[in-house]
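Thank you all for joining; I would like to walk through one chain with you this morning. Please have the sequence and the model open while I talk.

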Amino acid sequence: MWGKIQEKFEKYPSQIAVAKEFLKLGIAVRNGKTYCGDIELVPTKIAEAVGVDRKVVVMAIQNIESDEELRRVFSSLRPVAYIADVARILGFGVLEVYAESQKPGIVASITGILAREGISIRYMLAEDPELSVESKLTIVTETKIPGRLVDEFLNVPGVEKIVIS
């Protein structure tokens, strides 16, 4: 999908930045307007946040809607709350796994370790490496994660770094 977006906007790098932000935040495009869930967002505020002119946002919306496949994708986007910071406040465990995104089995291996230890998962988010600076899996657990599992997590093929809090 990202290749299709880059192809569609190849002559408009500012519009690529807008489309990338829409994907990253789950901002939907429907009938010439942008939405976070059912809340309409105005192009001026999006432009300020992305660091582009309001006209760039309007043109990106028009380009998305002019392509049937992109229109279907962007009209279906939904925002997702990132609760890791809140989880820390509430006393839940948080595990951040930085890994090679193309390596299969990382999620299965990490969640398998947690399951074996009887640690319940409340929330999980894998960030798309094409939209984020780093490829990261964030897992919020019912209880704190014991430090003794650090080496086991790091031994999972493809895992580069972990952060437990």
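How many positive and how many negative side chains does the chain have, and how far apart do the centres of the two sets lie? There are 21 positive and 23 negative side chains, with the two centres 4 Å apart, where Lys and Arg count as positive, Asp and Glu as negative, and His and the chain ends are not counted; each charge is placed at NZ of Lys, CZ of Arg, CG of Asp or CD of Glu.

Before going on, the conventions: this is a predicted model, in which local features need pLDDT of at least 70 and side-chain atom pairs count only at pLDDT 80 or more, while totals for chains, interfaces and linings use all residues. Residues are numbered from 1 along each chain as its sequence is written, and side-chain values use heavy atoms, leaving out hydrogens and water.

As for the fold, the chain has eight helices and seven strands, taken as DSSP runs numbered from the N terminus (H or I, at least four residues, for helices; E, at least two, for strands). Four of the strands form an open, antiparallel sheet in the order β5-β6-β4-β7, where pairing requires at least two DSSP bridges between two strands. Its edge strands are β5 (121–126) and β7 (159–164), each pairing on one side only. Between β5 and β6 (residues 136–141) the antiparallel pairing runs over five bridges, and I121 stands opposite T141 in β6.

Finally, please look at N31, in the loop between β1 (28–30) and β2 (33–36), whose phi is near 55°, a positive value in a residue other than glycine.
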